[in-house]
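Subject: Structure for you to look at

Dear colleague,

Here is the structure I promised to pass on, with my notes below it. Please read them with the model open beside you.

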Amino acid sequence: MNELERELYGIVEAISRSDTPIIFKGAIITKLVLSENNYTEIERGTKDIDANWVNGKPLPENIADSVTKAMQDSGLDYNAVLYRPYGEHKSTGLHIYRNDSDELITKMDIDVKPLAEYSLYHYGEAEFYGASVDQILADKIAVLSSDRLFRRSKDLVDVFALSRCTKSTTNRIYDILKKSNKHLDDFNAFSNRTEELEHAYNL
């Protein structure tokens with residue numbers, strides 16, 4: 001765990017202490033799952049925070065204000081600044097700055113929609129809700145089945161690592177995809193465009 005990652009988990013903890021209706025996902029949760037299952041063959045790093053706002057559709061500015069208040073109420077002198085409002089197929093984008101120096105710490109991508117499944121996670125004494133392992137796998141497998149794979153090739157590594165240290169079933173994955181209104185494509189890119197995939201992964 002590097003210094004930036006410890007800072008990111010501090011932000012996650014601060015938001016979770018508030019009544020902000022945010023559930024975390026992405027690498028910040030994947031890293032915890034791998035750690036909790038003592039999987040050390042792959043080091044999963046992260047530089048930002050992904051989450052879902054799961055209660056209604058507030059104004060994008062209100063999301064930024066809620067995140068700022070949560071951090072500052074917890075003693076973090078940080079400020080969340082909106083740089084991208086959510087829209088169709090587009091998440092809310094926030095930049096998190098340190099107030100005393102205007103240093104950009106990280107960014108947050110927040111989808112404004114519910115998650116089909118989530119679990120309670122722990123980091124030190126902090127506890128917070130994040131996407132369940134099955135939800136993570138369903139989301140990533142949906143990506144791997146489509147051409148989006150070339151933009152998110154690291155999901156290959158995540159699916160491999162999670163499948164080595166956790167248990168899921170095909171039925172569970174299909175169930176969550178149905179609840180999330182997602183579907184699987186034909187895996188054509190994964191099966192037949194290996195040179196392009198290798199190039200995307202190495203970028």
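Tyrosine 39 touches Leu34, Phe160, Ala161, Arg164 and Cys165, when residues up to four places away in sequence are not counted (contact here means heavy atoms within 4.5 Å). This tyrosine sits in the loop between H2 and S2, where helices (H or I, at least four residues) and strands (E, at least two) are DSSP runs numbered from the N terminus. Tyrosine 39 counts as buried, because its relative accessibility is 10%; buried means under 20% relative accessible area, exposed over 50%, and partly exposed in between, with a 1.4 Å probe and protein chains only. Although tyrosine 39 and leucine 162 are 123 residues apart in sequence, their C-alpha atoms are 8.7 Å apart in space.

Before going further, please note that this is a predicted model, in which local features need pLDDT of at least 70 and side-chain atom pairs count only at pLDDT 80 or more, while totals for chains, interfaces and linings use all residues. Residues are numbered from 1 along each chain as its sequence is written, and side-chain values use heavy atoms, with hydrogens and water left out.

Helix H2 (residues 27–36) is largely enclosed by the rest of the structure, because eight of its ten residues are buried. Those buried residues are Ala27, Ile28, Ile29, Thr30, Lys31, Leu32, Val33 and Leu34, and they pack against helix H1 (3–17), S1, S6, S7, H4 and H5. After H2 comes asparagine 38, which has a positive phi, near 55°.

Strand S1 (residues 22–25) is covered on both faces, with Ile22 and Phe24 buried on one side and Ile23 and Lys25 buried on the other. S1 pairs with strand S2 (residues 49–53) in the antiparallel sense over four bridges, pairing being assigned if DSSP finds at least two bridges between two strands. Within that pairing, phenylalanine 24 has alanine 51 of S2 as its bridge partner. Leaving aside neighbours within four places in sequence, the contacts of phenylalanine 24 include Val12, Ile15, Ile49, Met108, Phe128 and Tyr129.

Which residues touch the most other members of the largest nonpolar core? They are Phe24, Val67, Ile96 and Met108, in a core of 53 residues; a nonpolar core is a set of buried Ala, Val, Leu, Ile, Met, Phe, Trp, Tyr and Cys residues joined through side-chain atoms within 4.5 Å. Helix H4 (residues 133–144) gives the most to this core, contributing seven residues.

Alanine 138 has its place in helix H4 and counts as buried, because its relative accessibility is 0%. Residues that alanine 138 touches, not counting those up to four places away in sequence, are Ile173, Ile176 and Leu177.

Turning to charged side chains, the structure holds 22 salt bridges, each being a side-chain nitrogen of Lys or Arg within 4 Å of a carboxyl oxygen of Asp or Glu. One of them joins glutamate 117 and arginine 172, whose closest N and O atoms are 2.4 Å apart. Because glutamate 117 lies in the loop between strand S5 (103–112) and strand S6 (118–123) and arginine 172 lies in helix H6 (residues 170–179), the pair ties together parts that are 55 residues apart in sequence. Glutamate 117 is buried, with a relative accessible area of 18%, whereas arginine 172 is partly exposed at 25%.

Another salt bridge brings together the side chains of lysine 140 and aspartate 155 (2.9 Å, N to O). This pair links distant parts of the chain, 15 residues apart, with lysine 140 in helix H4 and aspartate 155 in helix H5 (residues 154–165). Lysine 140 is buried at 7% relative accessibility, and aspartate 155 is buried at 5%. Arginine 152 forms a salt bridge with aspartate 155 as well, its closest N and O atoms being 2.9 Å apart, and arginine 152 is partly exposed, with a relative accessible area of 38%. Through shared partners, salt bridges join Arg44, Lys140, Arg152, Asp155 and Asp158 into one network.

With best wishes
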